[in-house]
Amino acid sequence: MYVCLGDAVVRADEVVAVLDVRVVRASALNGPLLDRLSGGGPEDGSLPGACRTVVVTRRGVLACPLSAEAVRRRLQAVRTRAQSGGGRGRAR
């Protein structure tokens, strides 16, 4: 199943970590993570202004405008529906 993260839609089973942007910015150890987010280009690894959460997936790192708690709730809802066999448009 898929989950909408504001600007992107990803498979729920590909999400590895959901990090609050305040935690990411607070640690110098996250430099490589920020470089990956900015594409490793000449930028200083800064995050977009609307970024509230960094989502790490198996395919890359995404800046998300939603709060980490909102992303966590969405993932939990999608995973719960998947386990129960439910889904949109499905008769019960």
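Analyst: Let us start with a term: accessible areas come from the Shrake-Rupley method with a 1.4 Å probe. In this model, which is predicted, the accessible surface of the protein chain comes to about 6100 Å², and 51% of that belongs to carbon and sulfur atoms. The chain holds 3 helices and 5 strands, which follow one another along the sequence in the pattern β-β-β-α-α-β-β-α.

User: Why is threonine 53 called buried?

Analyst: A residue counts as buried when its relative accessible area is under 20%. Threonine 53 has a relative accessible area of 0%, and therefore it is called buried. Of the 92 residues in the protein chain, 35% are buried.

User: And what makes glycine 60 buried or exposed?

Analyst: The relative accessible area of glycine 60 is 14%, and because the limit for buried is under 20%, glycine 60 is buried. Glycine 60 has its place in the loop between strand 4 and strand 5 (61-64), and its C-alpha atom is separated by 9.8 Å from that of valine 16, although the two residues are 44 apart along the chain.

User: What does the side chain of threonine 53 reach, and how do you know that this is a polar contact?

Analyst: The side chain of threonine 53 reaches the backbone oxygen of leucine 66 at 2.6 Å. A polar contact is a pair of N or O atoms within 3.5 Å, one able to donate a hydrogen and the other to accept it, so the value of 2.6 Å falls within the cut-off. Leaving aside neighbours within four places in sequence, threonine 53 is also in contact with several residues, among them Val18, Leu62 and Val71.

User: How do you know that strand 4 and strand 5 pair?

Analyst: Two strands pair if at least two bridges are found between them. Strand 4 and strand 5 run antiparallel and are joined by 4 bridges, so they meet that condition. Threonine 53, which lies in strand 4 (residues 53-57), stands opposite cysteine 64 in strand 5.

User: Which strands of the sheet stand at the edges, and why?

Analyst: The sheet is open, with 3 strands in the order 3-4-5 and antiparallel pairing. Strand 3 (15-20) and strand 5 stand at the edges because each has a single partner strand, which leaves one side of each without a neighbour in the sheet. From one strand to the next, the twist averages 20°. Helix 3 (residues 68-84) packs on this sheet, touching strand 3, strand 4 and strand 5, and its direction makes about 155° with that of strand 3.

Conventions: Residues numbered from 1 in each chain as written. Predicted model: local features only at pLDDT ≥ 70, side-chain atom pairs only at ≥ 80, totals over all residues. Heavy atoms only, no water. Helix = DSSP H or I, 4+ residues; strand = E, 2+ residues; numbered from the N terminus. Buried < 20%, exposed > 50% of the residue type's maximum accessible area, 1.4 Å probe, protein only. Contact = heavy atoms within 4.5 Å. Axes fitted to C-alpha atoms, helices over the stretch in contact; angles between N-to-C directions.
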